[in-house]
Amino acid sequence: MVRKKTSPELKFQQFSAVITNFPDGLLIFDEKNNLSLINPQTETFLGVKIRDLINKSISELKNFPSFKSLVELMGLEIKKVFREEIKLAENLILEVTTLPLIKEKEKIGTLVILHDATKEKMIEKMKTEFVSLAAHQLRTPLSAIKWTLRMLLDREVGEITSEQRDFIEKTYASNERMISLINDLLNVTRIEEGRYLYKTVLTSIEPIVESVINLYKEETEKRGLKVEFKKPKEKLPQVKVDIEKIKLALQNIFANAVRYNRLGGKVTVVLNYGKKDIEVAVKDTGVGIPKDQHKKVFSRFFRASNVMRMGIEGTGLGLFIAKNIIEAHGGKIWLESEENKGSTFYFTLPVE
């Protein structure tokens, strides 16, 4: 007589089958951070055997070479991690995520998920290399076109009629937009390749801000914008930055405050010192950003729906670049904005 399997037994077998055949690596730690379960995919990823690991603590697992980078990422207390990368070999990149296991409002353990992201990262790398190559190849002919058009506009090769000047100026402006896009794409590829900050020095932030404001002086005057620069009375401490990159980040933020402002509006730049960092705020009286789109603002190629309707040109890369520059310096960036009432972009830089 065959004994019929009870419901708990059946559920356990189903659970075991899921764990065994799951395509990602899975590790379960108990409330004392001892390893209580590991699936075969983890064995494959880390080149270990289940029997050697079960019931071992985090500190003990660190002694296994394949576990070293994983333990260093999670810490001995297994901190919260979401899709952080570890590279175990040239052909193996894992994304690590940790999730607390909760029962009746008490933590009874931690689930660690290891996702093989090698193929995805390889495709990303190929895309980045293609964009970088294409951008470099395009920059040279665009620069040649720029200087040829400049020579025509400066009458270095002869006189031109007012109608010819009008056509050449439009072509020159279009070529400038293409060069700007190429430069943005090259900046994005450098960010993705992790080779963006070159030379960091101790410097004051005020002259950097003033240089950016002066850079847009002609455009702000043309649009009738009032620009105000507020800074504390006491001298601000220095910050360690790549001056060129911080200037680019601030340019991208300030340019948006000018471009998306109303005629006759106002741009206010404020510096504050919070003892641990310096905060820079750029406030405008422009069109603002719809609230439901705030989370997308710093994404690549994002442009707000209201701006798209207005037909104002842009690449949608400026704030993505600014965010990566600020975060590479150990700072933070965020915004406050309301449609039709303007925007304020904030960022911080740590004080040495």
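**Briefing: nonpolar cores and a helix pair**

Isoleucine 205 is in contact with Leu236, Ile246, Leu271, Ile278, Val280 and Leu349, leaving aside residues up to four places away in sequence. The model is predicted. Ile205 and Phe254 have the most contacts inside the largest nonpolar core, which has 49 residues.

**Nonpolar cores**
- In soluble globular proteins, nonpolar side chains tend to be buried together.

**Helices H6 and H7**
- The axis of helix H6 (residues 118-153) comes within 8 Å of the axis of helix H7 (residues 162-192), and the two cross at roughly 155 degrees.
- Because angles over 145 degrees count as roughly antiparallel, H6 is roughly antiparallel to H7.
- The crossing in which H6 passes H7 is left-handed.
- Sorted by class, the residues in the contact of H6 with H7 are 15 nonpolar, seven polar and seven charged.

**Serine 162**
- Serine 162 lies in helix H7.
- Serine 162 has a relative accessibility of 65% and therefore counts as exposed, the cut-off being over 50%.
- Between the C-alpha atoms of serine 162 and isoleucine 50 there are 81 Å, and the two residues are 112 residues apart along the chain.

Definitions and conventions. Residues are numbered from 1 along each chain as its sequence is written. This is a predicted model: local features need pLDDT of at least 70, side-chain atom pairs count only at pLDDT 80 or more; totals for chains, interfaces and linings use all residues. Side-chain values use heavy atoms; hydrogens and water are left out. A nonpolar core is a set of buried Ala, Val, Leu, Ile, Met, Phe, Trp, Tyr and Cys residues joined through side-chain atoms within 4.5 Å. Buried means under 20% relative accessible area, exposed over 50%, partly exposed in between (1.4 Å probe, protein chains only). Contact means heavy atoms within 4.5 Å. Axes are lines fitted to C-alpha atoms, for helices over the stretch in contact, and angles run from 0 to 180 degrees between N-to-C directions. Helices (H or I, at least four residues) and strands (E, at least two) are DSSP runs, numbered from the N terminus. Angles under 35 degrees count as roughly parallel, over 145 as roughly antiparallel, 65 to 115 as roughly perpendicular and the rest as oblique. A crossing is left-handed if the near helix is turned anticlockwise from the far one by less than a right angle, and right-handed if clockwise. Ala, Val, Leu, Ile, Met, Phe, Trp, Tyr, Cys and Pro count as nonpolar, Asp, Glu, Lys and Arg as charged, and the others, Gly among them, as polar.
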